Amino acid sequence: MDIPEDLIVLERAAEEQRARLAGLDGEEFDAQHRAWRAAAQAAQAAIADHAKVSGQSAEGVESAVKRAVRQAEEDPAG
């Protein structure tokens, strides 16, 4: 499955926002949690739109995007 780069960028941004939650509490946690949720919602909306336009299942597109993000993180040349 060919995954558009913009979906990978959005998913990576959501994961980066989630990772920033570590060690936070109180208002800092709440603010970061909102930032993560906004990034995750943007990624999910883009995935759903791509799935609809391409005729693929949203679950399949989401799995492929997550796999692509993991592979890019594991690739020392990437």
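1. What covers the buried residues of H1? Helix H2 (26-54) and helix H3 (58-74) are included in that cover. Here "buried" means under 20% relative accessible area, "exposed" means over 50%, and "partly exposed" is in between (1.4 Å probe, protein chains only). Helices are DSSP runs of H or I with at least four residues, numbered from the N terminus.

2. A quick word on what you're looking at. This is a predicted model, where local features need pLDDT of at least 70 and side-chain atom pairs count only at pLDDT 80 or more, while totals for chains, interfaces and linings use all residues. Residues are numbered from 1 along each chain as its sequence is written, and side-chain values use heavy atoms, with hydrogens and water left out.

3. Now H1 itself. The helix takes in residues 5-19, 15 residues in total, and its first and last C-alpha atoms are 21 Å apart. That is close to the 21 Å expected at 1.5 Å a residue (the expected span being 1.5 Å times one less than the number of residues). Its buried residues are Leu7, Ile8, Glu11, Ala14 and Gln17.

4. On to the charged pairs. Side chains of opposite charge can pair when their charged atoms come close. Counting a salt bridge as a side-chain nitrogen of Lys or Arg within 4 Å of a carboxyl oxygen of Asp or Glu, you get 3 salt bridges.

5. Glu11 is worth a look, as it turns up in one of these pairs: its partner is Lys66, with the closest N and O atoms 2.9 Å apart. This pair links distant parts of the chain, since Glu11 sits in helix H1 and Lys66 in helix H3, 55 residues apart. Glu11 counts as buried because its relative accessibility is 5%, whereas Lys66, at 29%, counts as partly exposed.

6. Lys66 also meets Glu62 in a salt bridge, at 3.9 Å from N to O. Both are in helix H3 and 4 residues apart, so about one helical turn separates them. Glu62 has 24% relative accessibility and therefore counts as partly exposed. Through shared partners, the salt bridges join Glu11, Glu62 and Lys66 into one network.

7. Which residue does Glu15 meet in a salt bridge? The partner is Arg18, at 2.9 Å from N to O. Both residues lie in helix H1, 3 residues apart, which is about one turn of the helix. Glu15 is partly exposed at 26% relative accessibility, and Arg18 is partly exposed too, with a relative accessible area of 39%.

Methods
Helix = DSSP H or I, 4+ residues; strand = E, 2+ residues; numbered from the N terminus. Contact = heavy atoms within 4.5 Å.
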